[in-house]
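Q: Please take a close look at the charged and aromatic side chains of this model. How are they paired or grouped, and how exposed are they?

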Amino acid sequence: MDIISAILEIDSKANDMLREGEQERDRIIDDAAKSEQSVASDIKQAADAKIEAFRSQEKDKFLVNRAQIREKLAADKSRLQNVYDENHEKWEEDIFESVISGD
């Protein structure tokens with residue numbers, strides 16, 4: 001083998017190694033991009049799950065509070081109706097007497 005052939009063979013091997021290195025680099029970059037997408041997807045799914053759990057929890061609290069408010073409103077309305085029923089005749093008489101007597 002002469003020197004020129006040896007140099008050409010070394011150059012050819014170097015080019016093959018360079019191509020292999022570039023292919024490995026591209027594979028690593030591709031794997032890293034896939035891993036990044038997977039991690040981002042996992043994070044998004046976890047965040048969505050937490051948001052949904054929070055939304056559900058807050059809805060449950062709202063429904064409980066709304067029910068309590070409605071119960072209190074109904075109780076207050078009933079109490080006021082009872083006060084009116086017990087006193088409306090006396091109030092009417094008091095108003096009538098006040099108008100008649102000119103007070």
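A: A salt bridge here is a side-chain nitrogen of Lys or Arg within 4 Å of a carboxyl oxygen of Asp or Glu. The model is predicted, and a search of the whole structure finds 11 salt bridges.

Arg 27 and Asp 31 make one of them, with their closest N and O atoms 2.7 Å apart. Both residues lie in helix H1, 4 residues apart, about one turn of the helix. Arg 27 has a relative accessibility of 41% and therefore counts as partly exposed. Asp 31, at 31%, also counts as partly exposed. This pair belongs to a network of salt bridges that links Glu 24, Arg 27 and Asp 31.

Two further pairs can be described in the same terms. Glu 9 forms a salt bridge with Lys 13, and the closest N and O atoms are 3.3 Å apart. Glu 9 and Lys 13 are 4 residues apart in helix H1, so about one helical turn separates them. Glu 9 is partly exposed, with a relative accessible area of 33%, and Lys 13 is partly exposed at 47%. Asp 48 forms a salt bridge with Lys 44, where the closest N and O atoms are 2.8 Å apart. Asp 48 and Lys 44 also lie in helix H1, again 4 residues apart, about one turn of the helix. Asp 48 is partly exposed at 39% relative accessible area. Lys 44 has a relative accessible area of 51% and is exposed, because exposed means over 50%.

Some charged residues form a patch instead. Glu 89, Glu 92, Glu 93 and Glu 97 gather on the surface in a patch of negative charge. Glu 93 is in helix H1, which covers residues 3-101.

For the aromatic side chains, the search of the whole structure finds 1 aromatic pair. The ring centres of Tyr 84 and Trp 91 are 6.3 Å apart and the ring planes are at 55°, so the pair is tilted. Tyr 84 is found in helix H1. Tyr 84 is partly exposed, with a relative accessible area of 39%, and Trp 91 counts as partly exposed at 39%.

Methods:
Residues numbered from 1 in each chain as written. Predicted model: local features only at pLDDT ≥ 70, side-chain atom pairs only at ≥ 80, totals over all residues. Heavy atoms only, no water. Patch = residues over 30% accessible without salt bridge, like charges linked within 9 Å, V, L, I, M, F, W, Y side chains within 5 Å. Areas by Shrake-Rupley, 256 points an atom, 1.4 Å probe, with all protein chains shown as cover. Lys, Arg positive; Asp, Glu negative; His and termini not counted. Charge placed at Lys NZ, Arg CZ, Asp CG, Glu CD. Helix = DSSP H or I, 4+ residues; strand = E, 2+ residues; numbered from the N terminus. Phe/Tyr/Trp six-rings, centres within 6.5 Å; stacked < 30°, edge-to-face > 60°. Buried < 20%, exposed > 50% of the residue type's maximum accessible area, 1.4 Å probe, protein only.
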